[in-house]
Structure formats: structure tokens, C-alpha cells
Amino acid sequence: MECKICHYECRLLGEIAFNKGHEKEDNIKIPEDGKYIPYYNCTFCGFIFTTYFDQWSDDQFKRYIYNDAFFSQDMNRSTKAEIPSKPTDSSSSSAASSSSYMDGLKLQHLIQQFQSGGLLKKEKTELNVLDFGSAGNPGDTAKAFIDNGYKITCYDPYTSGVKYEPLTGLFDVIYLVEVIEHCFDLDATLKLISGHLHDDGIILLTTNLQPYPAPADVINHWYITPRTGHVSIFTFKSLFVLFRKYQINLINNPTVLFGKKIKNR
Ligand SMILES: [Zn+2]
């Protein structure tokens, strides 16, 4: 098996039960030939991935992974890595208690820091923000932006039944909160993101990073779960190589990963 990112040789990490970590889920649907899902590990960049879902149709994803149970609060709580910072803002919106809404407030706090540090030149009202993988139009994270007067576009390839406009134009801020681990066609994803990022724009990204090299028992890690659509598990090295291919420099900021276009001189 060849690495999806650096094309180096990969070893079979092992086969992971489809329902790993979700053994108690009621009425879980398990694909007939997919009780166990093979995951691979790149010997160069440390990327951990499966190709099992690469040819799946939208209907298959909707049936086995992105179904009603997936979008329930319980599932979200068990599979999310929180953005570690405490904002002081509060809101009376009905979505305000969700962790995704809180993520939205934390992201705004970061954006303000980038503005005062000069990394983002535009004022709030001029910023074009893209929520990539928004889980709704708007999703709860985007609602936190709307409530505070930001201009935001939502996009998600996976929430079936919700309409999204095709992406047009350039964005000053593109954020991906717990999204990239769900993407199996990474080149298509990066092409889309990079193609819509303004030359002076920034990317804010969260995903659970694995150490490199991987510990011997990495296959048991709670984040590597087919049921929740975690098909791409990154080391910082693998994520760095992936973004670099699309002229984006990625920095491992302790709060969120931060990306910016590499300028041609
Ligand atoms: Zn690799």
C-alpha cells in the first residue's frame, strides 16, 4: 500500500472493528463486508489511514456513518477533541450551549488575536469566513459567528439533505474543526481549500494529532474509529507534507493548527 500523502510505502497497522468504541450503540448498522476495516501506517510520514471507504457512495456514508445517531450530541461528545481555550463572550442563542457553538466563540477569539497581531489585516465586517465541514447550513459553530456579526459561508460534503451553494470566491479565514480526519480524498480537499484561500488568508484547523513515530499500540487509540468516519489520522509531519503540496505552510500552534499560503517571490 502506498501513502496517500507522500506515496511512501505503508505497513498494515491492523484491522479495526467497524463499531470500535461504539459497541453499545443501539441499532448500529455494520456494512456486510466491513465488520473489520484495515488501516495502514506510512513508514515515512506516519499517516494512518484506510482506503476501505474510498469508493463509497453518498448513500452508503449516510446509511452507515453520517446517520441520525452520528449527529446526536452523544456521538459528538465522544469523538471530539475540544479547542483548549476559554472565551469570555456569551450569547442567548438556543445553540449557545453546544460544544460546537463554544468552538465558534473560541475561533473568534483567535481571529481577534490574529487581527491585533497584524496577521489578519481586515476588520471583522470585511472578513470572508468559510466553515469547511460545517455540519449544517449554518451549523452550530457558524451560528456563533453569525450571532456576532461575521459574514460566513458554510460548506460540508457530508451532511446529506442540507443544501450548500458551490464554493465561489476567496476567503480570508477558512476553518476546519474536526473535519480533515473525515476526508478520504485528501488531494481533492486540499485543492478546494487552497483554491479558495485568499493570498493573505489564514487556515485554522483542529484534529487529534498522533505522535511520530507511532506507539506500538496506536491501533487501540480512541480516535481511530471507522464508525465515526475517522478515515485519515495524522501526525503533524503528514499534515505538514499534505498542506505543503498545496503551497500552504502549517504551524503546530498549541491551540489550533494554523496555515498560511507560501508567497511566491
Ligand atoms: Zn506518508
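The model is predicted. The chain contains 6 helices and 10 strands. Its radius of gyration is 18 Å, close to the 18 Å that the globule rule gives for 265 residues, so the chain is as compact as a globular protein of that length.

**Overall dimensions and contacts**

- Taken along the principal axes, the box filled by the C-alpha atoms of the chain is roughly 50 × 45 × 35 Å.
- Buried residues make up 39% of the 265 residues of the chain.
- Of the contacts between residues at least 6 apart in sequence, 69% join residues at least 24 apart.

**The six-stranded sheet**

- An open sheet is formed by 6 strands with mixed pairing, and their order is E5-E4-E6-E7-E10-E9.
- Strand E5 (151–155) and strand E9 (248–251) stand at the edges with a single partner strand each, so one side of each has no neighbour in the sheet.
- On average, and with direction ignored, neighbouring strands of this sheet are turned by 20 degrees against each other.
- In a regular strand, side chains alternate between the two faces of the sheet.

**Strand pairs within the sheet**

- Strand E4 (residues 128–132) and strand E6 (residues 171–177) run parallel and are joined by 3 bridges. Val129 stands opposite Val173 in E6.
- E6 also pairs with E7 in the parallel sense, over 6 bridges. Here Leu176 has Leu205 in E7 as its bridge partner.
- Between E6 and E7 the chain passes through helix H5 (residues 186–195), and this β-α-β crossover is right-handed.
- E7 and E10 run antiparallel and are joined by 4 bridges. The bridge partner of Ile203 is Gly259 in E10.
- Strand E7 (residues 197–206) is mostly covered, with 7 of its 10 residues buried.

**Helices lying across the sheet**

- Helix H4 (residues 140–147) lies across E4, E5 and E6, and runs at about 165 degrees to E5.
- H4 is largely enclosed by the rest of the structure, because 6 of its 8 residues are buried. The buried residues in H4 are Asp140, Thr141, Ala142, Lys143, Ala144 and Phe145.
- These buried residues of H4 pack against helix H3 (99–116) as well as E4, E5 and E6.
- Gly149 follows H4 and has a positive phi, near 85 degrees.
- Helix H6 (residues 236–245) lies across E9 and strand E10 (257–261), and runs at about 155 degrees to E9.

**A buried arginine in a loop**

- Arg227 lies in the loop between E7 and strand E8 (232–233).
- Arg227 counts as buried because it has 24 C-beta neighbours inside 10 Å, where the cut-off is 20 or more.
- Apart from its neighbours within four places in sequence, Arg227 is in contact with Phe18, Asn19, Lys20, Gly21, His22 and Ile65.
- Arg227 and Tyr66 are 161 residues apart along the chain, and their C-alpha atoms are separated by 9.0 Å.

Terms used
Residues numbered from 1 in each chain as written. Predicted model: local features only at pLDDT ≥ 70, side-chain atom pairs only at ≥ 80, totals over all residues. Helix = DSSP H or I, 4+ residues; strand = E, 2+ residues; numbered from the N terminus. Rg over C-alpha atoms; globule rule 2.2 N^0.38 Å. Buried ≥ 20, exposed ≤ 12 C-beta atoms within 10 Å, placed from the backbone. Contact = placed C-beta atoms within 7 Å. Pairing = 2+ DSSP bridges. Axes fitted to C-alpha atoms, helices over the stretch in contact; angles between N-to-C directions. Right-handed = clockwise from strand over helix to strand, strands pointing away.
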